[in-house]
Amino acid sequence: MNGKEWLMDQQNNKKPFFYNFAYLDENTKKEIRRKILKAVAIPGYQVPFASREMPIGRGWGTGGLQLTLSIIGCADTLKVIDQGSDDSVNAINIKKFIQKVCDIPITNDTKEATVIQTRHRIPEERLEKNQILVFQVPIPEILKIIEPSDQVTKRMHAEADYSGIWLYLYEDIIHFNEISIGAGYPVMVNHRYIMDPSPIPRFDIPKMNHNRSLLLFGAGREKRIYAIPPFTDVEPIEFEDFKFRTEDFSGKKCSKCNATDVYLDEIIDDESGARSYQCSDTSYCEKRCQL
Amino acid sequence: MTTLERKKWMQEAWEDLNQKDIEDLYSCIPLEEIQIKKKPIAGLIQMKVIDTFDTEFYMGEVLVTEAEVMYLGQQGYAMILGEDSEKALLLASIDALLNSENYHDLKESPFFHKLEQMILNYKIKRQTEEKIIMQTKVDFKTF
Amino acid sequence: MAYVAVKGGQKAIQNSINLMEYNRKKGSSVLLETEQIKDQLFFLIDRIMCEGSLYAPDLAAVAIKQTCGDILEASFVLRAYRATKSRVGYSIAHKTDKMRVIRRISASFKEVPGGQILGASLDYTLRLLDYDLVKEDDFDREAMLGQLFPDLNGADYPDIFPKIVDLLKKEKLIEIKPLDHFQQEQEPFDITRESIQFPASRSAVLQTMARGETGGMLLLAYSNMRGFGMVHPVIGELRVGYLPVEIEHPYEKSIYRVGEIKVTEAEIISATFSSEPSSIPKFSLGYGLCFGHNETKAISMAVLDRAMQTSQPKSASEDQEFVLSHIDGIESVGFCNHYKLPHYVSFQSALDRVRFAQDKKKKESPE
Amino acid sequence: MIENESINQVNFRIMLSCMSLPSSIGILECPFEDKKNPFASLYFFAQLLLDPEVSFFVSGESSSDISSKIVTTTKATISTNESADYLFLSNEDISVEINRAKKGTMESPEEGATCLIFIKEISHEPSSFLLTGPGIEDFSFFPLMEGFNLIEFSRTFAKVNCEFPMGIDFIFIDSLRQIFCIPRTTKIERKVQ
């Protein structure tokens, strides 16, 4: 091409902006892929990574998004949920972005998806070996409740020095006669690392133990990746006389599909203040309603 | 001015080029004979600096556009600040022209005239700026 | 319905974006041209390039227009744009003595070699609202500009402005050596390629601060100046000017000048009196350098650099991990605003805990 | 280029699946048949994960050829046995090299090396070595590998991974592009008949 042709071409058609497939450049993907493999090899350990700036806000799922974009390909079907719902604004926004940069099928059906990006829930339906669940993590360091410095918590993990967190739970019981941690309950992974499961409800914690799918966790702002491989021991930390307890929904059921063994959203009726309940996992609820 | 000086000045003066200058210069260079080796592409330069402690560090990235051309077997290269393909290609072309052997023939051409004029304008502008800055120098000798 | 998420949000999202566009255009004034923003709001441009960590004045102007003047959002747009462009190289490392100075002052000496050059500054303006700007006469702008500087005779622009710090160095009054607890490195650490670990190397410290948010850094530096820290700074030298961006020519193996970028550099001097009997009292230095004309940021950076040179931090501004983890505007703003996202699953979980604890209490001590 | 990138994505997923499920055998995709080159799968792997940010080490006879090819395609740095992030091992006696490889630190165990062992063929026949650990449902068996001393390997593996979380992760790859992964968390035991 000579200069004249180029200039003509340049002036005639302003080319549309071009993004890489899945937005990230190849070297960024390589780095994240290397770190994912190490995270899988050391379950529950937080692997530091460079974390690129994404066009959505830091803290809005950029870690999960970078994981998803590094693993996803044309053969995948993607599901994105926020608080269990496929239609919440943030889930929609993330899906819109992913579709813009890689044209792959998107589903609401948990069973159909090969990659599921989630914020704060594990779907109700059982996940399988061929599926990957990607968690968006706001604060990956569970030991932050007792120690704010990364330098110190890193050493505590190295030495498996978890006396601080046990003491925290113990004092909690002394004060409240109960463990006050709601979502994001600390778990012990593969009998070695205490890990933040991201702010999922306690209801979802037992699902992590010997889960059949790979669980990947990404914290973009804090620049950490961690993982739980399938069939891995994951136990909530608890005392002999003070057991871990999931949220209590006894006597309550979903007002739409009548499910009782699921995590429920509490809905306040505007006028009377009366409460009703609905499945947090909206696609599961819809599926049941269609039966 | 030697070719080297001219190239050096061009690298400074290009920042003053407006759209009209670019069009004028494009119109007086042998565009058909310029082969594009690397189409202008925008990228980032990591800005490396050295502080007073002699520590090298990166102060941030700078957006640049890079282009490469060939003119009669001579390389032409340009990297400019900002994202501007047309400017980058023009600068690469001028670089190739200045490198070429028949640049002596160009000496009487409108291209050369334009170039010299631009460099002169730039020098005058820079000198004026410096003089204005020196007007803000604090003078302690008031007695 | 206090804690139920908006569902079926697709349409609402699009309309919300549309409404922003609507609000930007609904007024009767002429739409802003990015050239106007670039030429006339240069402090804003500089700040966005600095905190977005991308030197690109034209794009900064677009970012400002696009975000309707939200500084933090505009920096974010620029920072995100960075991620879509690949790195084509590294500039040749230079000290700042090659800077083309447009402003240069020292607070430590009255007269300094090269002189005190005020350049363009708002420092001595009276902060009185200028009503004349409401209706500014654009007529005969050239002539008006000419009237501002009728006589350009005076001192010549010197070839070089010697560094004040170098003068102190000659007299052995100042100690400039990297502290022992900084690791020595071959190549500078790059926080855009590797996650920063603490204790961080000096290059990582400076890189992190160079892209830090001005307000956040000012806050921490101010806390130190007020007494939550030990730095009693004197500005050794403050420079604003243009640094050449130079690379190695890909074929000719010579230096190629890409252009020049505007930067601000601050060197603060602070007296150090060590308690060790053998040590001689000396001055020590804090260093700040950032994109664009932003003196508050450069000074804050220099103060924090000096403050963090202690290995035993006693206040927030001296604690390297504390400072460096909290000054990035893009990260802090993102996280602050993420609380607007629904948290009803975790809130439900917390509700369960509170109710459970309340029930337990009631059972224990019935009224 | 685009094509390579999409192959990289497909192959990464195969590898990720093998690393998550250490008893499974995957087959890497290849856009062309390169039967003449027994190391084709090796280059594939290199292209998948290596870039200028990491270092590698190649052992064996044709190591310098392989190394220079990896450098041209990935721009990764050649390093020593002791400090390389990735080790490419193909000779018979690999225990020495594995023992020398870095294992990371207790604070940064991810700095432990990844060893890629190139072998003739991974068979689908189980050996007498029992595998348990994360990613393995109940238990599984190490596959039989022709010309590979499993007794020796299991000893070396146990030795370098005795200080978990420090350790080394292994990827086996054969000329048919089959891969099999053993992360440091896996326990290898010889089944007593």
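**View 1. Burial and overall extent of chain C.** Chain C has 367 residues, of which 37% count as buried, in what is a predicted model.

**View 2. Helices, strands and contacts within chain C.** The secondary structure of chain C consists of 13 helices and seven strands. When the contacts in chain C between residues at least 6 apart in sequence are considered, 64% of them join residues at least 24 apart.

**View 3. The two domains of chain C.** Chain C is divided into domain 1, which covers 14–82, and domain 2, which is made up of 96–120 + 156–333. Between the C-alpha centres of domain 1 of chain C and domain 2 of chain C there is a distance of 28 Å. To the contact between them, domain 1 of chain C gives 12 residues, while domain 2 of chain C gives 14 residues.

**View 4. The side of domain 1 of chain C that touches domain 2 of chain C.** The elements that give two or more residues to this side of domain 1 are helix 3 (42–52) and helix 5 (71–82) of chain C. Helix 3 of chain C provides the largest share, namely six residues.

**View 5. Residue classes on the domain 1 side of the contact.** Sorted by class, the residues on the side of domain 1 of chain C that touches domain 2 of chain C are six nonpolar, two polar and four charged.

Technical notes: Residues numbered from 1 in each chain as written. Chains lettered and ligands numbered in written order. Predicted model: local features only at pLDDT ≥ 70, side-chain atom pairs only at ≥ 80, totals over all residues. Helix = DSSP H or I, 4+ residues; strand = E, 2+ residues; numbered from the N terminus. Buried ≥ 20, exposed ≤ 12 C-beta atoms within 10 Å, placed from the backbone. Contact = placed C-beta atoms within 7 Å. Domains from an automatic or database assignment. Nonpolar A, V, L, I, M, F, W, Y, C, P; charged D, E, K, R; others polar.
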